[in-house]
Amino acid sequence: MTEQSPNPEAVADSIKQDKFPIRTVSSLTGVNSVTLRAWERRYGLIQPQRTPKGHRLYTREDIDLINRILGLLDKGVSIGQVKEALERQQASSGGSEARDAWALYRDRMVAAIIRFDEAGLEDTYNEALSLYPVTQVTEKLVVPLLKELGRRWETAEGSIAEEHFFAVYLRNKLGARFHHRTRNSKGPKLLSACFPGENHELGMLLFALSAVSHDYRMVLLGADLPLDELMMAVKRSEAECIVLSGAAASSAEVIEKDLAELVASVDVPVVVGGLISVKKRDAIIKAGAVPLGEDIDSGIRKLSELLDHQI
């Protein structure tokens, strides 16, 4: 039986609390609703929360878990063996001890940020990189740290100066890595920019570095770009796809009018990543673009399927 859509007001309230209905999760992960319910009932892999009327609501942690399950399936693990494989992954990473280690790194980096201590920030970041792969450091340390800084700013626990201090530090680190990347990529060329009004380009840089590691060629246009500028840029760069990024909620006009006009004016796909692709998913789809979600690995998979690019 198809699960009916919950009341729109209830969905809006849930999204504000970072809880998402099944249709949103299905769109973001590429896993249809029937399969998600089977993973819950038959295999016990996911345990979504329920509204008073019984509608399923998923957290970001649930979405992360779904993406991990997809990663295992991509490696040839059968669905019946996924739960055991997840348990092995947890055991091999040290279980709670490893999770505590990541929490400790985050605490140390937050403490360094509060003191505006670049040396302390550098020491902690480099220590993590010396012990774990860069992809794991990004997933377990950098992304959660960015979310924590955003939370601190929203609750007035932190300051804009702290957030800017870390943003400048990380932008320099990521920029150096990006500019020293291999120049031998042969894959599709991507034109990437942040939505108008979006001044935080770290998510775009993290996605770009992952895309380069999967043989994509990148053209970065940075933060706060008017969407009509992309029409000319995509033609001159001969890019095969436009990748937009945003964390802040852009105005309805930007998505409903400007994004729709961009999609209609170019002959390449337009995809959207970051938090905006979750919170404005329906409007993005209505404009003709493709939401990728927040998870970088999942976004790369969806992009590769869209462009028929082997990764």
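**Close-up views of a predicted model**

View 1. E40 makes a salt bridge with R50, with the closest N and O atoms 3.5 Å apart. (A salt bridge here is a side-chain nitrogen of Lys or Arg within 4 Å of a carboxyl oxygen of Asp or Glu.) E40 sits in helix α3 (residues 33–41) and R50 in strand β2 (residues 49–50), so this pair ties together parts that are ten residues apart in sequence. (Helices, H or I of at least four residues, and strands, E of at least two, are DSSP runs numbered from the N terminus.) This is a predicted model, so to speak of a local feature takes pLDDT of at least 70 and side-chain atom pairs count only at pLDDT 80 or more, while totals for chains, interfaces and linings use all residues. Residues are numbered from 1 along each chain as its sequence is written, and side-chain values use heavy atoms, with hydrogens and water left out.

E40 is buried, at a relative accessible area of 12%, while R50 is partly exposed at 42%. (Buried means under 20% relative accessible area, exposed over 50%, and partly exposed in between, with a 1.4 Å probe and protein chains only.) E40 also forms a salt bridge with R56, and there the closest N and O atoms are 2.7 Å apart. R56 belongs to strand β3 (residues 56–59) and E40 to helix α3, so the pair ties together parts that are 16 residues apart in sequence. In this pairing, both E40 and R56 are buried.

**View 2. R108 and E127 link two helices.** Here R108 forms a salt bridge with E127, and the closest N and O atoms are 3.1 Å apart. R108 lies in helix α6 (residues 96–114) and E127 in helix α7 (residues 118–131), so the pair ties together parts that are 19 residues apart in sequence. R108 is partly exposed, with a relative accessible area of 30%, and E127 is partly exposed too, at 31%. Side chains of opposite charge can pair when their charged atoms come close.

**View 3. R23, R281 and D282 form a network.** These three residues, R23, R281 and D282, are linked by salt bridges into a network. For the whole structure, the count of salt bridges is eleven.

**View 4. A negative patch takes in D64.** On the surface, E61, D64, E139 and D297 gather in a patch of negative charge. (Patches are made of residues with over 30% relative accessible area and no salt bridge; like charges are joined within 9 Å, and nonpolar side chains, meaning Val, Leu, Ile, Met, Phe, Trp and Tyr, within 5 Å.) Accessible areas come from the Shrake-Rupley method with a 1.4 Å probe, and for residues only the protein chains shown count as cover. Lys and Arg count as positive and Asp and Glu as negative, with His and the chain ends not counted. A charge is placed at NZ of Lys, CZ of Arg, CG of Asp or CD of Glu. D64 itself is found in helix α4 (residues 60–74) and is partly exposed, with a relative accessible area of 37%.

**View 5. Helix α10 is mostly covered.** Helix α10 (residues 202–213) has twelve residues and runs 17 Å from its first C-alpha to its last, close to the 16 Å expected at 1.5 Å a residue. (That expected span is 1.5 Å times one less than the number of residues.) Ten of the twelve residues in α10 are buried, among them L202, M204, F207 and V212.

View 6. Just after α10, D215 has a positive phi of about 75°, in a residue other than glycine. D215 lies in the loop between α10 and β5 (217–220) and is partly exposed, with a relative accessible area of 30%. E238 is not a glycine either, yet has a positive phi of about 60°. Look for E238 in the loop between α11 (229–237) and β6 (241–245), where E238 counts as exposed at 64% relative accessibility.

View 7. P144 lies in helix α8 and is partly exposed, with a relative accessible area of 24%. P144 and R106 are 38 residues apart in sequence and 8.0 Å apart in space, C-alpha to C-alpha. G158 lies in the loop between α8 (134–154) and α9 (160–179) and is buried, at a relative accessible area of 17%. G158 and I113 are 45 residues apart in sequence, with 9.9 Å between their C-alphas.
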